[in-house]
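Hi,

Here is the structure I promised to pass on. Have a look at it first, and then read on for what turned up.

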Amino acid sequence: MGHSITAIIGGPDVVAALGAAAGCPPATPLVQGWSIIPLGERQLDRLAGETLGAPTPGFIYLGANLDEVFRSFGARGDFVYLETNYFGGAGGQAAALYRGGHVFRREAQDVSRAPPSPNGPINQLLRDLGVVAAFGKDAFDTLGLGRFRAPEALGLEFEEE
């Protein structure tokens, strides 16, 4: 089964601020007080302009312009920017944790070399954000992120190219 989303996960204040700036649908509440918003091409363009900059290695959309915008929201709270794009064992996942207006860490993984795991980039950075994994689950599953396999599951309308 595939998974393809670009999103922000964080506390309600920073997620609401980023969502308003990007023109996102309302945030979806998650467990432990976290929230998530989807970012489609329109939202990414609204945040960083038509030119996102050269992508950070392992990421599809995260470039210098978007990175700068994300750092500017540091006073609102910490958050994780994530990208997943895999199907049938091919593709990748990547995440960046923004803490206090700085990039705390960025991680990317080619899932064709190693399938998503509790030690993958998204799980690692969600734990660093403060997500506490439930017994027998990883951070990704604790938040219920598997139910959001496409941006439409988070309220983002389908965008035709």
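Which residue forms a salt bridge with Asp-67? The partner is Arg-71, and the closest N and O atoms are 3.1 Å apart. By salt bridge I mean a side-chain nitrogen of Lys or Arg within 4 Å of a carboxyl oxygen of Asp or Glu.

Before going further, a quick note on the source: this is a predicted model, where local features need pLDDT of at least 70 and side-chain atom pairs count only at pLDDT 80 or more, while totals for chains, interfaces and linings use all residues. Residues are numbered from 1 along each chain as its sequence is written, and side-chain values use heavy atoms, with hydrogens and water left out.

Back to that pair. Asp-67 and Arg-71 both sit in helix α3 (residues 64-72), 4 residues apart, which is about one turn of the helix. Helices (H or I, at least four residues) and strands (E, at least two) are DSSP runs, numbered from the N terminus. Asp-67 is buried, at 8% relative accessible area, whereas Arg-71 is partly exposed at 34%. The cut-offs here are under 20% relative accessible area for buried, over 50% for exposed, and partly exposed in between (1.4 Å probe, protein chains only).

Asp-67 has another partner too: its side chain meets that of Arg-106 in a salt bridge (3.0 Å, N to O). Arg-106 belongs to strand β6 (residues 102-110) and Asp-67 to helix α3, so this pair ties together parts that are 39 residues apart in sequence. Arg-106 counts as partly exposed, with 33% relative accessibility.

Then there is Asp-78, which forms a salt bridge with Arg-99, the closest N and O atoms being 3.5 Å apart. Asp-78 is in the loop between α3 and β4 (79-87) and Arg-99 is in strand β5 (residues 90-99), so parts 21 residues apart in sequence are tied together by this pair. Both are partly exposed: Asp-78 at 27% and Arg-99 at 29%.

Through shared partners, salt bridges join Asp-67, Arg-71 and Arg-106 into one network. The structure holds 5 salt bridges.

One more stop: helix α4 (residues 121-129). Its buried residues are Pro-121, Ile-122, Asn-123, Leu-125, Leu-126 and Leu-129.

Cheers
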